[in-house]
Amino acid sequence: MNLLARNLVLSFETSCDETSVAVIENGNQILSNIVATQIKSHQRFGGVVPEVASRHHIEQITSCIEDALTEADVTYDDLSAVAVTYGPGLVGALLIGVAAAKAVAWAHQLPLVPVNHLAGHIYAARLVEPIEFPAMALVVSGGHTELVYMPEENRFQIIGETRDDAAGEAYDKIGRVLGINYPAGKPVDELAHQGKDTFNFPRAMDSDENFDFSFSGLKSAFINTVHHADQLNESLSKEDLAASFQQAVVDVLSDKTVRALREFPVKQLILAGGVAANKGLRDRLTSDLAAFPQTKLELVPLSLCGDNAAMIGAAGEMLYRHGDRADATLNADPGLEFDWLKDEIK
């Protein structure tokens with residue numbers, strides 16, 4: 001096989017608590033995707049501890065590189081470029097991946113491609129099938145809840161975002177109240193399917209004309225409900241609490257997305273990010289998208305919803321073809337955002 005005919009990208013993802021290195025061919029084929037998770041290390045703290053995450057990245061990054069190259073059956077000489085997440089995320093964690101990627105790129109004289117972590121989540125869909133433009137993405141994770149409009153390849157325009165807690169963050173916080181260890185998303189989802197929406201928690205900003213989100217009030221209403229019951233020595237159904245919380249989250253996410261689709265018709269809607277693995281949300285969007293026959297719903301596979309380097313490679317290969325490059329001055333940007341270009345959307 002002629003390796004020179006392929007774009008082979010070695011990609012790095014260390015934005016939070018997953019150390020991941022992958023080799024991606026032509027932006028749409030996974031040759032390897034090594035993920036070293038840190039969940040057990042952080043569970044005893046009830047969430048991610050940045051310093052602990054950084055130390056684990058240092059310990060794992062070299063072996064992840066070796067494993068990724070071995071599994072893909074390629075060498076450094078076969079590679080076309082190196083891609084790396086440089087933000088947003090935890091600054092100490094990001095720096096490990098950036099330093100490793102810069103070292104590999106410099107040592108082997110390879111182009112270095114900087115990748116926005118959120119672009120990676122979106123372009124994970126490309127590992128299933130091509131993205132059709134114009135497209136829209138609902139990115140829902142522990143740190144982000146955003147609606148991103150993409151009129152064409154390599155253009156990302158935020159049209160809505162959370163003003164406080166991200167949806168995944170809210171799941172983890174109410175999970176602690178329910179006695180569920182971090183990460184709480186999957187267990188809460190499972191509980192929700194066993195209960196009913198009996199508490200009617202608030203759907204903040206659901207009727208607002210904008211596409212922004214807010215989950216802080218929902219989180220507070222949930223916690224206050226549980227604490228009030230505790231004070232009265234009352235027992236509440238965990239299943240109904242979870243179902244009521246999840247229904248409020250899903251209602252707002254879906255309602256805002258449907259409204260955005262009416263204003264910005266697209267060929268494809270991508271659901272991406274860690275919370276994209278939520279069955280309640282996937283089912284609701286699948287149902288609601290029946291009213292938009294011109295829009296195809298692309299659900300990122302469960303295996304690619306969490307943080308992983310394959311998605312960074314998918315986005316990185318696209319950016320590589322567009323000429324995006326970084327040099328040795330590349331630094332971590334923990335607050336990196338897409339440009340706010342709402343007024344320019346046509």
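Helices here are DSSP runs of H or I at least four residues long, numbered from the N terminus. By that numbering, K279 and D283 both lie in helix 9, four residues apart, or about one turn of the helix. The model is predicted.

**Salt bridges within a helix**

- K279 forms a salt bridge with D283, and their closest N and O atoms are 2.8 Å apart.
- K279 is partly exposed, with a relative accessible area of 44%, and D283 is also partly exposed, at 38%.
- E51 and R55 form a salt bridge through their side chains, at 3.0 Å from N to O.
- These two residues are four apart in helix 2 (residues 50-72), so about one helical turn separates E51 from R55.
- An α-helix has 3.6 residues a turn, so residues three or four places apart point the same way.
- E51 counts as partly exposed at 46% relative accessibility, whereas R55 counts as exposed at 53% because the cut-off for exposed is over 50%.

**A salt bridge between helices, and a network**

- The side chains of D251 and R284 meet in a salt bridge, with an N to O distance of 2.6 Å.
- This pair links distant parts of the chain: D251 belongs to helix 8 (residues 238-263) and R284 to helix 9 (residues 279-288), 33 residues apart.
- D251 has 13% relative accessibility and therefore counts as buried, the cut-off being under 20%.
- Salt bridges with shared partners join D197, R203, D251, D255, R284 and D288 into one network.

**Helix 10: span and ends**

- Helix 10 covers residues 309-321, and at 1.5 Å a residue its 13 residues should span 18 Å.
- The end C-alpha atoms of helix 10 are 18 Å apart, which agrees with that expectation.
- N308 caps the N-terminal end of helix 10, with a side-chain oxygen 3.1 Å from the backbone nitrogen of A310.
- After helix 10 comes G323, which has a positive phi near 85°.

Technical notes. Residues are numbered from 1 along each chain as its sequence is written. This is a predicted model: local features need pLDDT of at least 70, side-chain atom pairs count only at pLDDT 80 or more; totals for chains, interfaces and linings use all residues. Side-chain values use heavy atoms; hydrogens and water are left out. A salt bridge is a side-chain nitrogen of Lys or Arg within 4 Å of a carboxyl oxygen of Asp or Glu. Buried means under 20% relative accessible area, exposed over 50%, partly exposed in between (1.4 Å probe, protein chains only). The expected span of a helix is 1.5 Å times one less than its number of residues. A polar contact is a pair of N or O atoms within 3.5 Å; within protein, one must be able to donate a hydrogen and the other to accept it, and residues adjacent in sequence count only if both atoms are side-chain atoms.
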